[in-house]
Amino acid sequence: DLRAVINGREVAFREGETVLEAARREGVFIETLCEFAEMGHRPGTCRMCLVEVTPVEGDAFVATSCDTVLRAGWRVETKTAKIRRMQKLQLELLMADHCQDCARCSRHGACELQSAGMRLGLRAPARIHFRPKAAERRYDDSRRALVFDGSRCVRCLRCVEACRKVAGQSALTLNGVGTSAAIGFGPVGMKWAESSRCVACGQCTLVCPTGALSEKDQGDVLLDWIEDPAVTTVVQTAPAVRVQLGEAFGLPPGTNVEGRITAALKALGVDFVMDTRWSADVTIMEEGTEVLAKLKADREAGRRGTYFTSCCPGWVNYVELSAPELTPNLSSTRSPQAIFGALSKTYLPQKKGLDAKAIRTIAIMPCTAKKEEAARPTLVREAGVQDTDLVLTTREFAAVLRRAGIDLAQMPEVPYDSPFMSASSGAGALFGATGGVMEAAVRTMRAVTGVDDKTWRPAFEAVRGMDGIKEAEVELPGVGVIRIAVVHGLANVKTVVEAVKRGESRWDFVEVMACPGGCVGGGGAGRGQRTPRAALPSRLQGIWKIDAEAPIRASHENPDVRRLYEDFLGEPGSHLAHDLLHCEYRD
Ligand code: HC1
Ligand code: SF4
């Protein structure tokens, strides 16, 4: 039985536990900055988590609690005058070499450095005897989706760790040493947009303690378009956003705020508010048809092809950059965002008698990579005009609402605007959760191959949950038993990709979402203080509840999707459907 004393109180601890871990478990707060428990990240670079230790034998010493293993009999003090002064001095040094223009920062008001400064009582300017280098650190806005502001970077290395552990890409690097050390995107001087590894998933922005890494803020573009009487604004809201956005307004994670989002958008003055779940149902009609045809052809020819979903742009970027051999295995069906974009410029104006040229389509997404997806050359109809004109992340949208003085929590629940592009199924909602695209696809694939299973639960407990790779077998009459896999968190995809490359794949159909938990864990979600993962289980439950309570559970049963095919597209895979709802990828 291991025992030590923290702040005068005896505590039991486990072999190998750090001082910080034991203190946290006992409810003792220790100031930290670079450490990030969810990733097991404790580089010890910020020197904030200092404690005074009196060991059983030998002299007392000061240690960083995040990487010091607690020993039996130690007496640990966390709040002595010496510790408080050392922490304050350390924070002053960090602040002195940090851009102090907080008012212009994306993290203003929710910054971990700012919060530490408040707690430690920083007031007067620091007396420093070194030349700050913050202003010399690079500002890189070369990517469409993301911005790096080196002058706000505290070199905690959390982003480097997230890129390595969550995205598995190691696109972010630490270049240089000492006070010249800075985050880079590969070799010194390489611009972010030139990176051959970054997939724009934005997981780095979720862990950055300051405003050094953030999405490119485009909230004002939406407000400008709303104000312009010549513009018709059409907004689509992604499946995951409705279970994320409430958090920014004090509601518990997983609260379904879809009706309040619609009310808020109407209050802003948006013309049409519609649901990406509707176009997710359309994606299933196309992708289900496409993949079924491929699987049938493969079975008849006695070969096995492994087909991948393609609605996650982080994953598509990964294939193009790191596994181009797999490009033909990606479903050609566009993502729900892109399908909505295309139909909002064709089907919608036809139905509503609108001028297509006046329409600006805005997607509210949990995702930074969707900003780059919208700009793909294959998703641009006419020169310079994107099908989806603007993508705002969940946190940009929260900022837009705050700018307009709207408290989402107080809004009434309002239904979507235009029923014929908004009715949706539970399957469409599932897209926001890991395993959901697969579950939605298999519901429809089973139904069209003749299985009458209204429980919608064929083998699917297996693809829910947080395992990095999940597998199941599904019976499809006329095709046989197919083996499916669901991968989330791009770092987990390498096993599957390598197996397919070696010709040893045992899977027929694979869903890949770059972010942990799927889109509910997207890189565009709100940034709480150091626990982006903590909200995931509740957000997933929120999505599954929406599905469980939906009157329509499968995409092919959505009457507005049927109407789309009857009135406009003909049938899944038709010539027009191909033109508007499919695309090619680079290899
Ligand atoms: Fe997603 Fe999708 S589920 S990719 O995560 O296929 O972003 O939510 O909108 O397009 O529907 C994101 C979410 C989203 C698309 C859908
Ligand atoms: Fe974007 Fe969702 Fe893919 Fe993450 S999992 S990169 S949020 S589409």
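Tutor: Helices (H or I, at least four residues) and strands (E, at least two) are runs in DSSP, numbered from the N terminus. This is a predicted model, where local features need pLDDT of at least 70, side-chain atom pairs count only at pLDDT 80 or more, and totals for chains, interfaces and linings use all residues. Residues are numbered from 1 along each chain as written, with chains lettered from A and ligands numbered from 1 in the order written.

Okay, ligand 1 then. Its shell has 19 residues, meaning residues with a C-beta atom, placed from the backbone, within 6 Å of the molecule. Ala238, Ala240, Cys311, Cys367 and Cys519 are the closest to ligand 1. Two helices stand out as you trace the shell: α8, covering 276-301, and α10, covering 336-344, each give at least two residues to it.

Where does ligand 1 lie in relation to domain 3 and domain 4? Domain 3 is made of 221-277 + 339-418, and domain 4 of 286-333 + 422-581 (bounds from an automatic or database domain assignment). Both contribute to the shell of ligand 1, so the ligand lies between them.

Now slide over to ligand 2, which has 15 residues around it. Cys312, Gly314, Cys367, Cys515 and Gly522 come nearest to this ligand.

On to the rest of the protein, which has 19 helices and 20 strands. Along its principal axes, the C-alpha atoms fill a box of roughly 80 × 55 × 45 Å. Of the 587 residues, 50% count as buried (20 or more other C-beta atoms, placed from the backbone, within 10 Å of a residue's own; exposed is 12 or fewer, and partly exposed is in between).

Helix α7, residues 258-268, shows you what burial looks like: Glu258, Arg260, Ile261, Thr262, Ala263, Ala264 and Leu265 are buried there. Just after α7 comes Gly269, with a positive phi of about 110°.

Positive phi also turns up in residues other than glycine. Arg155 has a phi near 55°, and Leu157 has one near 70°. Find Arg155 in the loop between β7, at 146-149, and α4, at 158-165; Leu157 is in the loop between β7 and α4 as well. Are these two buried or exposed? Arg155 is buried, with 22 other C-beta atoms within 10 Å, and Leu157 is buried too, with 21.
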